[in-house]
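Subject: Structure handover

Hello,

Here is the structure for your files. My notes on it follow below.

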Amino acid sequence: MPRYEFKEGSSNKFWEITFEGKSFTTRWGRIDTDGQEKTQSFDSPEAAQKEYDKLVREKEKKGYELVGDGEGGDDGDDESPSVEGKSNPELEAAIQKDPANVDAYLVYGDWLQSQGDPRGELVALQHAVSKAEGTEASTLKRQITAHIKKHKALLLGGLAKAWSEEELKVEWHLGFIRDARLGKKDYDSELEVPETLVKLLAHPSAKFLQSLTIGMVDMEGENYYAGVVEAIVKTKGMPTLRSLFLGDFEYPDETEISWSYINDVTGLYKVLPNLRSLRLRGADADLGKIDLPELREFSMETGGLPLGAVKSIASANWPKLEKLEVWFGSENYGAEGGVEDIQPILDGRGLSNVKVLGLRNSEFTDELAKALPTAKILPQLEKLDLSMGCLSDTGAQTLADNAAAFKHLKHLDVTENTLTKAGEKLVAKLAATVAAGSQRDYDEEYRYAAVGE
């Protein structure tokens, strides 16, 4: 339960509150005593919540400070509901329209302060620290940390347990959560990722969320992201979200990449209209008809990309895309398709703004070496990444024979292929900078992509 304390002069008091359903229980008195206890019941959970919010605000105005979640200490198991803050839809709309507009946050922060909402002061503190340097900045950062801890019931509420156990990591920006990462920390974790994500996305502190990263959902069995996708789709729209990463895990330490399943993500496109970056890591990706008109970066990292997903990427609608990275994977783990299936990419169809292209982790890299010199997309590229594939000395010779086609590149990456030292020498001067180390052994009978399982 949230525990507040007031220490000033001869006063040395505590106040605790436990919320459950349509009622809550308060306990109060002098510190180091059992104090008094009172339970109040209401006609509905909403009525109880309203009175709960009122009492917490009253205590904070009187100088009581949140010191923990009960007798367990500062960071106990806080499953109490969030203390609701104030809301101004008109001012929020201005931020949703342009999340980079600092002035919109400051106007909203002033209004929140006038309503006694602690987020208002947090807006002011974080804006001040962005302008400060040295000792002043350090002092303000300490004030921000103390402010977040003091008002944890309002700023985090039922998310506090995941936050205190570092399974929910957040970055605050002008009074609100800008970046969040959610995922199981270890095999002993009791975190329910989809359920906690629902809480996060509904929380007032996350109403302007711009970046969301999801790590491990299940460390006992196979790792599925279907529940995560469903939670996002149920929001009906996240206009401020700019970056989404599903699959932030270490492979093979936490799970093999092919034991983690992306599955159907098609529902995301409609609810994330302003997405700028989408990164997916895992198997069985169902990408459907990709329509992300504001997207700048896309990455699909897998040990086996099915043909349907290859075709989805090749025919996607993302006219502003600047970076495209595709891992194809091993045929043994479901990889399908070849050069002919990505011809629309090589032709630059709908990709006029792409400057960085990664065709990685492929078992047909030598075939790519033949197609790339005449690819229509090549002249517009600044960086080309062919790493983690099966590029042999034969493919390297093909690239070298067409060196003029690549000389404009700022960077070429052919690391983790199957080149010999002679092959590395062939590609060493194809671009302004070339990365060609960490080569794997070449075996004509058994050629494989770097990441399969």
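Helices (H or I, at least four residues) and strands (E, at least two) are taken here as DSSP runs, numbered from the N terminus. On that basis, the chain has 15 helices and 18 strands. Please keep in mind that this is a predicted model.

Overall figures

The C-alpha trace spans about 85 × 45 × 40 Å along its principal axes. The chain has 453 residues, and 51% of them count as buried. Its accessible surface comes to about 21,100 Å², with 46% of that belonging to carbon and sulfur atoms. Taking contacts between residues at least 6 apart in sequence, 63% join residues at least 24 apart.

Charges

There are 55 positive and 79 negative side chains in the chain, and the centres of these two sets lie 7 Å apart. Asp441, Asp443, Glu444 and Glu445 form a negative surface patch. Of these, glutamate 445 sits in the segment after β18 (433-435). Glutamate 445 counts as exposed because its relative accessibility is 72%, and exposed means over 50%.

Salt bridges

Searching the whole structure gives 19 salt bridges. One of them joins the side chains of lysine 207 and glutamate 92, at 2.8 Å from N to O. Lysine 207 belongs to the loop between α8 (193-202) and β8 (211-214), while glutamate 92 belongs to helix α2 (residues 89-97), so this pair ties together parts that are 115 residues apart in sequence. The cut-off for buried is under 20% relative accessible area.

Another salt bridge pairs aspartate 179 with arginine 178, and their closest N and O atoms are 3.6 Å apart. Aspartate 179 is partly exposed, with a relative accessible area of 22%, and arginine 178 is also partly exposed, at 28% relative accessibility.

Lysine 234 and glutamate 230 form a salt bridge as well, with the closest N and O atoms 3.2 Å apart. Here lysine 234 is exposed, with a relative accessible area of 58%, and glutamate 230 is partly exposed, with 42%.

Regards

Methods. Residues are numbered from 1 along each chain as its sequence is written. This is a predicted model: local features need pLDDT of at least 70, side-chain atom pairs count only at pLDDT 80 or more; totals for chains, interfaces and linings use all residues. Side-chain values use heavy atoms; hydrogens and water are left out. Patches are made of residues with over 30% relative accessible area and no salt bridge: like charges are joined within 9 Å, nonpolar side chains (Val, Leu, Ile, Met, Phe, Trp, Tyr) within 5 Å. Accessible areas come from the Shrake-Rupley method with a 1.4 Å probe; for residues, only the protein chains shown count as cover. A salt bridge is a side-chain nitrogen of Lys or Arg within 4 Å of a carboxyl oxygen of Asp or Glu. Lys and Arg count as positive and Asp and Glu as negative; His and the chain ends are not counted. The place of a charge is taken as NZ of Lys, CZ of Arg, CG of Asp or CD of Glu. Buried means under 20% relative accessible area, exposed over 50%, partly exposed in between (1.4 Å probe, protein chains only). Contact means heavy atoms within 4.5 Å.
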